[in-house]
Amino acid sequence: MFFLDNAWLTWALPASAFVVILFFGRRLPGKGAEIGIAAVGGSFVLSCAAAAQWIGRGTIGEGEERVRGAVDHTLYTWFSNGQVKVPLGIHVDGLTVMMLLVVTLVSLLVQVYSTAYMHGDRRYTYFYAALALFTASMLVLVTSSTTIFLLLGWEGVGLCSFMLIGHWWEEKDNSDAALKAFFTTRLGDAGMLIGIIILFFANGQSFDIARLNRAALSGGIDHTVLVVGAVALFMGVIGKSAQFPLHTWLPDAMAGPTPVSALIHAATMVVAGVYLVARCYGVFWAAFRVGHHPAWHGISYVAVIGAITIVIAAALAFVQDDIKKVLAYSTVSQLGYMVMALGVGAWTGGIFHLFTHAFFKACLFLGAGSVSHSGSHHSFDMKKDMGGLWRAMPITHATFVIASLALAGIFPLAGFWSKDDILLTAGKNGYNAFMVVGLVGAFMTAAYMARTVYLTFYGEHRGGHHGGQHSAAGHAVDAPHESPLAITVPLVVLAAFSVVAGWLNGFGVHWFAEWTRNEVVVQAHVPEYKFSAPTAALSMAVAVAGIGVGLLYYLRHAFGPLHRATERSSLARAGYRFLLNKYYLDVLYTDIIVGSIKGAIARGAYWVNQRVIDGAVNAVGIGARALARFTYEVVDQKVVDGLVNGTGASAEGGGSVLRRLQTGRVQQYAAFLFGAGAIGALALVLYANQGAR
Amino acid sequence: MLLNEFLFLGALLFCTGVYGVLARKNGVLVLMSVELILNAVNINLIAFGAFRDTIAGQVFALFVIAIAAAEVGVGLAIVLLIYRNRRSIDLTDVDLMKG
C-alpha cells in the first residue's frame with residue numbers, strides 16, 4: 001500500500017516544483033512550465049497508483065456496510081503544548097483518492113492548456129509557480145487528517161486564488177476582483193476558524209477529523225455545541241464554495257486568466273467547501289439531524305443555503321453577456337446542488353456531482369478560453385464578439401456542446417447520473433421541497449446553457465472589430481480559427497470524461513458509491529438508493545424541456561410576447577434590472593454595509609485627527625520647547641555633567657581600591673575562588689534546609 | 001549503602017586538594033592538588049550514582065577523567081614554559097598580572 005501510505009508525495013512534488021520554478025524558472029528553456037507540468041504529471045501518476053491500490057484494498061462488512069479502511073498516518077508533530085499535540089498527518093480514504101484524481105488531472109490539463117493560452121505573458125513563470133503552489137495546497141487540503149492542517153491548505157488555496165485572479169493586476173478591475181475574492185472568503189474563514197476551535201475543545205482537545213466524526217455520531221459531543229460548531233464551520237463553506245449570501249466574489253473572480261477560472265473557480269478550490277462538509281459529515285449529519293424527516297425536526301440549514309444558491313445563481317446566469325460570467329453563475333448554482341445534496345443526506349450524490357462537475361465545467365471554461373483565444377480576439381462578450389463560430393472551431397464547438405449537455409443533465413452524459421442521484425435521494429429521504437428546487441434548477445441550467453451555446457456558436461458571426469478585453473498577448477487581427485493542440489487536447493480529454501465519468505455510478509453499476517464509501521457514512525447509516533427510472537425520466541424531461549425552451553426562444557423566436565418584454569412592461573424591466581444588478585447584493589455589501597461603516601469610521605477618524613491628534617501634536621510642541629529649555633539648564637548642565645564627572649571620579653577611586661586586590665598571585669586568586677565557593681555552598685545549604693523545613 | 005563514608009572521603013580529598021592549591025609553591029604540586037580536587041568530585045559522582053542506582057554518575061566521572069587529563073597536559077606545558085623563562089617554578093614569583 002505504498003501509494004496510499006505515502007499520499008503526501010502528491011503534494012510534496014508540486015510544492016518542491018513551486019520552489020524550483022520560483023528560483024530557477026526564468027532561466028529554463030520552458031520558462032518553468034515544464035517543471036510544473038512534470039511535477040503535476042508525477043502527482044497524477046501517484047494518484048492513479050493510489051486509486052488502483054485503494055480499489056484493490058480489502059473490505060470489511062457486507063452490502064451497504066462494505067467499506068475499505070482508511071489509511072491514517074501522522075507525518076510529524078507540528079508542535080505540542082502540555083498534553084495537546086498538533087500532528088500533521090494524512091488521512092486517505094475513497095473521498096481523498098477521488099479528490100486526488102480530480103485535482104491532479106484537471107491541474108495537469110490546465111497547465112498543458114496554459115502553455116498555449118498564456119504564451120508570451122509577462123508573468124508566465126510566476127503564473128506557473130502560483131499554479132504549482134495552488135496544486136500543492138489543494139492536495140494538502142484533501143489529504144489532511146486534522147482540521148488544522150486542512151486549514152493550512154485552505155488558506156493556501158485562498159492565497160493562490162488571490163494571486164491568480166489578480167494576475168493582470170495592472171488593470172484596477174482585476175486587482176479589485178482579487179481583493180474582493182480574498183476578503184469575501186476571509187469573512188467566511190473567520191467563522192470557520194471559530195468552528196474549528198469549538199470542535200477542537202468539543203473533541204477532547206484534538207484536531208483529528210476521524211475522531212471528531214466518531215464522537216459526533218456516537219453522541220459524545222453535546223448537541224448544542226455541535227450545532228454551533230457546525231454553523232460556524234459552514235460559514236467557511238459559504239465563503240469558499242460561493243454559497244448565498246457570499247457568492248458575489250466568484251463571478252468577479254473571472255477577471256483572472258481563463259485556465260485559472262477552470263482550475264480554481266470551477267473544478268477544485270470552490271469545491272473545497274463541499275469537500276469539507278463531506279469530510280466532516282459526521283458533524284453536519286448529527287448537528288442538523290439530516291437523516292430525519294424535515295417535517296419532524298426542523299430544516300437542515302445546509303440544504304436551505306444550497307437550495308437558495310441553486311435558484312438565485314441560475315436566474316443570474318440568464319442576464320449575463322460575458323460567457324465566463326454565465327459559467328461562473330452556473331458554477332455557483334452547481335455548487336448549490338452539491339451543498340444541498342449533502343444537506344439532504346445524499347452524500348454519494350453530492351461528491352459524485354463534485355466529481356462529474358469538475359470535468360464538464362473545466363471543459364466549458366477551457367472551451368470559453370479557446371473561443372476567446374482564437375475566435376473572438378480575447379473578448380468574452382457573447383453578444384458582441386461571438387456567434388457562428390461552430391464552423392471555424394469544430395473541436396472547441398464539439399467539446400463545448402458535449403460539456404453543456406453533460407451540465408444540463410442529458411442522458412447518458414456525466415451530469416445526468418450525478419444530478420439524478422441527488423434528486424432521487426432528496427425525494428426518498430423525504431425532502432420533497434428540495435427535490436422540486438433541484439428540478440427547477442435543472443430546468444434553468446438547461447435553458448441558460450442552450451442560450452450560451454446558441455449565442456457563442458450559432459447564428460451570425462458578430463465579431464470582427466478589434467480591441468479585446470485582454471489584448472496582452474498581442475495577436476494580430478485575423479479570422480476565427482481553431483486553437484492549437486495544447487488547447488484542444490485538454491478539451492477533448494475533459495469532454496471524454498464528461499461522457500464516461502457518470503457510468504461509474506450508472507445502471508446496475510455502483511462502483512463510485514462503493515469506492516468512496518467511508519467509515520463515517522457507514523457509521524451514520526447514510527442511505528444509498530439504486531437507480532430509479534421514474535425520477536430519471538422526470539429529470540431528463542425537465543432538462544430537455546429547458547433546452548427546448550431555450551432554443552425555441554433564441555432560435556425560432558418563439559414566445560413572441562416575451563421578446564422585448566423589457567421594453568414594453570415596466571415590471572419586466574424592473575425584474576431584469578434587479579437581476580442585472582445581481583439582487584443589489586454588491587450594493588448592499590459595498591455601499592450600504594461597508595459604506596456606512598467606512599463613513600462612520602472615517603468621520604470618527606477625522607474627529608480624532610482634528611481634536612485629539614492635532615491638539616496632542618500642538619501640546620507636544622509647546623511642551624517640548626519648555627522641556628528642552630529645562631533640560632538644557634538643569635538636566636544637561638548640572639545633572640548630566642555632574643554624572644559624567646562623577647562617573648569618571650568614581651571609576652578612578654574604585655580602580656585604586658580594587659587594584660590592591662589584583663596582586664597577580666595565582667594562589668590568592670584561588671583563595672578568593674574557593675572562599676566564594678564556600679560561602680555559596682553555605683548559602684545553598686541554609687536555603688535548602690529552610691525549604692525542607 | 002555507606003553513602004556518608006564515601007562522601008566523607010570525598011570531602012577529605014577535596015580539602016587536601018584545596019590546601020595544596022592554596023599553600024604549595026611548586027607549580028607541579030599545585031597541579032597535582034587540582035587533580036585531587038577533581039578526583040574528590042569523581043568519588044562524589046560515583047557514590048551518588050550508585051546510591052540512586054543510575055549509570056549517569058559513572059559516565060560523568062569518565063568525562064571528568066578525560067577532561068582532567070587534558071587539563072593537566074595544558075597545565076604542565078605552562079609550567080614547563082615558566083621554568084624555561086625563569087628557571088624556577090615558584091608560583092609566588094609569577095605575578096606579572098599585578099594590577
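Between chain A and chain B, the count of salt bridges is zero. A salt bridge here is a side-chain nitrogen of Lys or Arg within 4 Å of a carboxyl oxygen of Asp or Glu.

Some ground rules. This is a predicted model, where local features need pLDDT of at least 70 and side-chain atom pairs count only at pLDDT 80 or more, while totals for chains, interfaces and linings use all residues. Residues are numbered from 1 along each chain as its sequence is written, chains are lettered from A in the order in which they are written, and side-chain values use heavy atoms, with hydrogens and water left out.

Stay with the interface. Ten residues of chain A touch 16 residues of chain B; contact means heavy atoms within 4.5 Å. The two chains bury about 1000 Å² between them, 63% of it on carbon and sulfur atoms. That is the accessible area (1.4 Å probe) lost on being put together, summed over both parts. Who loses the most on the chain A side? Arg665(A), Gln667(A) and Phe674(A), together 53% of what that side buries.

Back to salt bridges. Over all chains, the structure holds nine. One joins the side chains of Glu514(A) and Arg66(A), at 2.4 Å, N to O. Glu514(A) sits in helix α23 (residues 511-516), and Arg66(A) in the loop between β1 (59-60) and β2 (67-68), 448 residues apart. Helices (H or I, at least four residues) and strands (E, at least two) are DSSP runs, numbered from the N terminus.

Now helix packing in chain A. Helix α4 (residues 94-117) and helix α22 (residues 485-500) pack at about 155 degrees, axes 7 Å apart. Axes are lines fitted to C-alpha atoms, for helices over the stretch in contact; angles run from 0 to 180 degrees between N-to-C directions. So α4(A) is roughly antiparallel to α22(A), the term for angles over 145 degrees. On the α4(A) side, the contact includes Leu105(A), Leu109(A) and Tyr113(A); on the α22(A) side, Pro490(A), Leu494(A) and Phe497(A) are among them. The contact has twelve nonpolar residues, one polar and no charged. Nonpolar covers Ala, Val, Leu, Ile, Met, Phe, Trp, Tyr, Cys and Pro; charged is Asp, Glu, Lys and Arg; the others, Gly among them, are polar.

The contact includes Phe352(A) and His353(A) of α17(A), and Trp417(A) and Lys419(A) of α20(A). By class: five nonpolar, seven polar and two charged.

Definitions and conventions: Parallel < 35°, antiparallel > 145°, perpendicular 65-115°, else oblique.
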